[in-house]
Amino acid sequence: MPQGAGAVEDSILRRIVALAIDALDAPIGFISFAAAGRQLVRVQIGISGPLRTADALLPAELIGQPDPIVITDTQAPDWRGLIPAADLLDARFAVILPIGAPGEADAGTLCVLDTAPRAEPDARKMRMLAGFAALAGAERWPAPSATPVTRPALHAGQLDTVFREAKVGIVHRALDGHLLMANDHYRMLVGRTQTELEILPAQIHVHPDDLARNEGKYRQHVESGTPFRIELRYIRPDASVIWCEVNLSFVRDDSGAIRSVVSIVQDITRRRHAELALRESREHHRHSVELNPQIQWTARPDGSIEEVGPLWTSLTGGSVEQARGDGWVEALHVEDVVPTVRAWQEAIRLRRPVDIEYRLRCGDSYRWMRARAAPRCDEQGEIIRWYGTLEDIHDRKAAQQTLTESEERLRLAVQAARLGVWDYDTITGERRWSEELLEMLGLPSDAEPTMAAAMAIVHPDDRQKFQSVVASASGGLLPAGFEIALRIRRGHDGAQRWLKSTGWKTVSGSGHLSRLIVTFQDVTEERDAEERIRWAATHDPLTNLPNRLALQEELESATERAKGTDEQIGLMLFDVDNLKRINDTLGHDAGDALLRVFARRLAAVAPAGATIGRLGGDEFAIVMPAIRGAGDIDRCAAMLLESLRAPFAFNGRTLDCAASIGASIFPEHGYNPTELLKSADLALYAAKTAGRGRTRIFHPEMRTDLQRQFSMINLAKDALANARIEAFYQPKIDLNSHRLVGFEALLRWQDPQGGIHMPADIRAAFDDPDLSIEITDRMLGQVTGDLRRWIDQGHDPVSIAVNTSANDFRYDNFAERVLASLEQCGLPAALLEIEVTETVFLGRGAQFVDRALRMLSAAGIRIALDDFGTGYASLSHLKQYPVDVLKIDRSFISNLENSPDDAAIADAVIDLGRNLGIVIVAEGVETKAQADHLRDRGCAVGQGFLFGHPATADEIFPRWRDGFYRG
């Protein structure tokens with residue numbers, strides 16, 4: 001056997017026994033190994049005396065059995081005949097497990113005992129015990145013999161069970177510190193993951209103040225290989241500190257060389273704090289005793305006084321000699337002589353401590369004293385001497401009297417405040433319930449104040465709490481003051497009420513509980529208010545749905561449950577269409593009604609098991625656990641959109657209820673709630689960009705698209721902020737007279753280096769409602785400003801066409817904005833032309849288009865319909881709206897000479913305009929042949945590169961100073 005091996009083995013075996021009894025929370029355990037035909041106990045815990053043979057502790061029939069044996073009660077009929085009362089150390093419960101294969105020379109037994117019967121351990125605990133037994137077999141050293149005995153291998157599954165399910169931390173490291181194994185409990189103790197433990201040095205966990213002591217002890221023991229125990233502090237990643245007991249053992253190979261280190265780590269923070277509190281308590285007690293003016297005395301075994309401290313004389317005025325023997329009785333109050341002497345003689349007869357109060361003559365008056373004494377006995381139990389103290393408690397008695405009077409005043413105050421009172425005298429066993437308490441409990445005035453009556457009205461879910469308080473009170477374990485809250489069901493009507501109880505206790509001179517007073521107050525309304533506050537913290541008050549906080553918690557719980565499984569979770573975000581418009585036009589009452597209808601419809605058609613919530617504003621969400629993939633999302637979204645699509649009535653108006661949907665899936669699109677929400681939000685943005693009322697499921701390209709769109713929007717914002725949005729002008733020519741008849745204002749913007757860019761480079765800005773409106777206003781301001789400047793410079797004014805978008809009509813104020821811009825510059829309305837496309841008639845705010853266009857037309861502003869023929873329902877638009885100009889799209893002009901179809905369409909539009917009295921403008925005219933064809937067919941006006949490229953205001957008028965085009 002290698003040097004120190006026996007000590008190492010016994011140390012490890014003792015820890016195995018400790019782990020085994022800790023797993024079952026039992027007090028007794030031992031390990032025995034077979035030798036010379038009998039099993040000898042190797043280590044034992046909870047068993048006094050020397051080590052002995054196992055059959056001295058267990059019946060022989062239970063030793064060497066091939067399978068574990070569980071005895072839940074040795075006095076049960078099945079076991080009573082087999083196990084004599086004296087066996088099993090008078091234990092009532094036993095678990096006996098074999099170590100090694102039966103019949104081997106080194107086979108053994110692991111046994112866990114308890115003095116009370118218990119239920120059979122569950123499968124997890126039995127696996128742990130089997131692992132401990134296997135670990136004990138792997139750690140035992142073979143008995144000396146000529147032929148070496150092979151140590152049985154510890155099965156990987158058994159070792160894994162021990163490591164994984166042990167209630168202590170176990171860590172195995174090589175001598176160089178490399179991590180070999182760490183169980184879950186150890187990782188929980190130090191707050192580190194397996195990867196962190198493999199990377200970080202072991203010393204990083206140790207508190208700096210304990211590091212030198214730990215390393216010194218390690219160096220001291222590593223040379224000899226002897227195990228050691230140390231208590232030190234661990235620092236966790238969150239900066240919290242825990243105290244741990246570390247039992248460290250060195251593992252040798254068959255040659256006896258140390259190869260690794262096994263540490264068993266147990267959290268002793270509570271114990272250390274308790275020890276600190278105990279030391280403080282002891283120190284406090286020592287100082288209290290030293291400063292306490294008590295009289296110390298001793299007596300012979302028969303009770304006659306031997307010695308009395310000198311304070312006797314200063315307190316009583318009598319001599320110490322007068323107190324010796326039975327002389328002290330002469331100083332007792334006459335009423336206290338008989339009970340005091342009887343109590344003292346009873347204590348002497350029973351050889352037990354005494355604690356009694358009596359009145360003692362002190363000069364001319366009597367004072368209350370407390371006498372306490374306890375015997376010191378020899379090994380045979382015979383009394384050697386009595387040791388006692390005499391304490392002046394007169395002031396305390398007076399205080400108790402004052403307290404009694406105070407309690408009476410309290411009783412009257414409580415009665416006036418209509419508090420229910422439960423008064424329990426533990427000495428007499430009498431219980432009294434006040435009339436207010438009986439009324440509060442809904443009991444008749446003659447109800448017996450019994451525990452059964454009280455238990456009957458306590459809510460079933462709170463009865464265990466109530467029983468615990470009663471048991472603590474009976475055992476004297478309650479603090480001087482305590483407070484609990486519980487529910488009752490009133491006796492006469494069954495109504496549930498919340499009661500808050502506040503209790504006080506008084507103790508006798510001997511320290512025993514003498515009285516318990518509990519007041520009860522009905523706090524139902526306060527509890528209801530608290531519950532409403534808690535509900536409000538996690539719910540949206542408008543829709544009564546869970547709010548963002550609650551939904552995020554549900555999403556986090558769902559993803560945590562799904563981790564490590566194949567479960568997929570769907571997250572759908574909803575953006576309610578038109579909420580802002582409804583709020584702005586119809587008021588927030590209408591918007592709130594829309595949100596409530598939306599929430600009800602969402603709840604009505606949401607899948608079973610889904611959680612619905614309102615994230616805020618116009619955003620809602622659904623968390624759907626256990627989906628099968630994107631197909632489930634698409635089907636659910638289709639049903640939801642179909643249900644939401646139906647309009648609803650509000651104050652005589654019909655409002656739409658529609659939404660856009662963005663979705664993501666766990667774990668494909670995110671492994672935590674934050675990532676899932678970001679992915680769903682990107683998908684929602686894509687859905688809204690695609691045209692509202694649509695569903696998009698996240699895919700990675702959305703991030704790139706969004707970044708590109710954000711870049712465009714930022715460029716547009718920068719251009720607006722730095723006045724780099726500029727109007728370029730392209731001339732419109734009368735194809736017959738070649739005279740200049742107007743310009744179209746085209747948007748251009750400059751980058752910081754002065755480069756000129758087309759609108760397409762910031763096209764995403766035109767999808768942003770507010771940014772689009774700001775760009776239109778900036779163009780209107782520039783156009784009206786340039787017109788004013790040209791007039792002031794003496795040029796003949798011509799009309800200028802300004803392009804608009806559907807966003808300009810989202811709010812019912814577009815016409816007012818245009819007219820205000822003209823009025824600010826003092827310009828006639830005839831100088832401005834507003835170009836709209838057919839998307840204006842179909843987009844959001846379409847209901848405001850008719851009023852705006854008619855108001856502009858009435859003021860004298862011409863309305864042009866741009867890109868005619870490329871949209872929908874063009875003829876109905878010509879009939880419905882005041883259109884003065886039709887612009888043939890450049891797609892029909894560019895191939896006019898070679899495409900009969902394009903020529904036919906252009907001719908048809910020209911004929912339509914002539915018949916309706918509408919001016920026709922051909923866009924994209926680039927050749928003289930195109931201009932001649934259009935002129936010959938009756939087209940009045942042409943626009944395109946043939947007549948001039950767009951140019952700035954300063955560049956364009958010098959070219960057209962005389963107002964003619966000469967091609």
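In this predicted model, Gln552, Leu555, Glu556 and Thr559 of helix α17 meet Pro673, Leu676 and Leu677 of helix α21. The axes of α17, which covers residues 548–562, and of α21, which covers residues 673–689, come within 9 Å and cross at roughly 115 degrees. That angle makes α17 roughly perpendicular to α21.

- Asn544 lies in the loop between α16 (524–538) and α17, and its phi is near 65 degrees, a positive value in a residue other than glycine.

**Helix α18 and what covers it**

- Helix α18 spans residues 579–586, and within this helix Leu579, Arg581, Ile582 and Asn583 are buried.
- The cover over the buried residues of α18 includes β21, α19 and β25 (653–655).
- Just after α18 comes Gly587, which takes a positive phi of about 100 degrees.

**Aromatic pairs**

- The count of aromatic pairs comes to eleven, and one of them is formed by Trp328 and Tyr358, whose ring centres are 6.3 Å apart and whose planes stand at 35 degrees, so the pair is tilted.
- This pair links distant parts of the chain, since Trp328 is in the loop between α10 (320–323) and α11 (337–350), while Tyr358, 30 residues apart from it, is in strand β13 (residues 354–362).
- Both partners are buried: Trp328 has a relative accessible area of 11%, and Tyr358 has a relative accessibility of 5%.
- Phe574 and Phe598 form an aromatic pair that is edge-to-face, with 6.1 Å from centre to centre and 70 degrees between the planes.
- Phe574 lies in strand β21 (residues 568–576) and Phe598 lies in helix α19 (residues 588–605), so this pair ties together parts that are 24 residues apart in sequence.
- Phe574 counts as buried at 0% relative accessibility, and Phe598 is buried with a relative accessible area of 0%.
- Ring pairs also link Trp297, Trp344 and Trp386 into a cluster.

**Charged side chains over rings**

- Arg118 lies over the face of Phe93, at 5.1 Å from the ring centre.
- Lys397 lies over the face of Trp368, at 4.7 Å from the ring centre.

- Leaving aside neighbours within four places in sequence, Ile295 is in contact with Val308, Gly309, Leu311, Trp312, Leu315, Gly388, Thr389 and Leu390.
- The C-alpha atoms of Ile295 and Pro310 are separated by 7.5 Å, and these two residues are 15 residues apart along the chain.
- Pro375 lies in strand β14 (residues 365–377), and, not counting residues up to four places away in sequence, Pro375 touches Arg351, Arg352, Pro353, Ile383, Arg385 and Trp386.
- The C-alpha atoms of Pro375 and Ala347 are separated by 9.4 Å, with the two residues 28 residues apart along the chain.

**Arg817 in helix α24**

- Arg817 has its place in helix α24 (residues 814–825), and this residue is buried, with a relative accessible area of 16%.
- A polar contact of 2.9 Å joins the side chain of Arg817 to that of Asp777.
- Not counting residues up to four places away in sequence, Arg817 touches Ile773, Thr776, Asp777 and Asp808.

**An exposed loop residue**

- Asp25 is found in the loop between α1 (5–24) and β1 (28–35), and Asp25 is exposed, with a relative accessible area of 67%.
- Although Asp25 is not a glycine, this residue has a positive phi of about 55 degrees.

Terms used: Residues are numbered from 1 along each chain as its sequence is written. This is a predicted model: local features need pLDDT of at least 70, side-chain atom pairs count only at pLDDT 80 or more; totals for chains, interfaces and linings use all residues. Side-chain values use heavy atoms; hydrogens and water are left out. Helices (H or I, at least four residues) and strands (E, at least two) are DSSP runs, numbered from the N terminus. Buried means under 20% relative accessible area, exposed over 50%, partly exposed in between (1.4 Å probe, protein chains only). A polar contact is a pair of N or O atoms within 3.5 Å; within protein, one must be able to donate a hydrogen and the other to accept it, and residues adjacent in sequence count only if both atoms are side-chain atoms. Contact means heavy atoms within 4.5 Å. Rings of Phe, Tyr and Trp (its six-membered ring) pair if their centres lie within 6.5 Å; planes under 30 degrees apart count as stacked, over 60 as edge-to-face and the rest as tilted. A charge sits over a ring if NZ of Lys or CZ of Arg is within 6 Å of the ring centre and within 35 degrees of the ring normal. Axes are lines fitted to C-alpha atoms, for helices over the stretch in contact, and angles run from 0 to 180 degrees between N-to-C directions. Angles under 35 degrees count as roughly parallel, over 145 as roughly antiparallel, 65 to 115 as roughly perpendicular and the rest as oblique.
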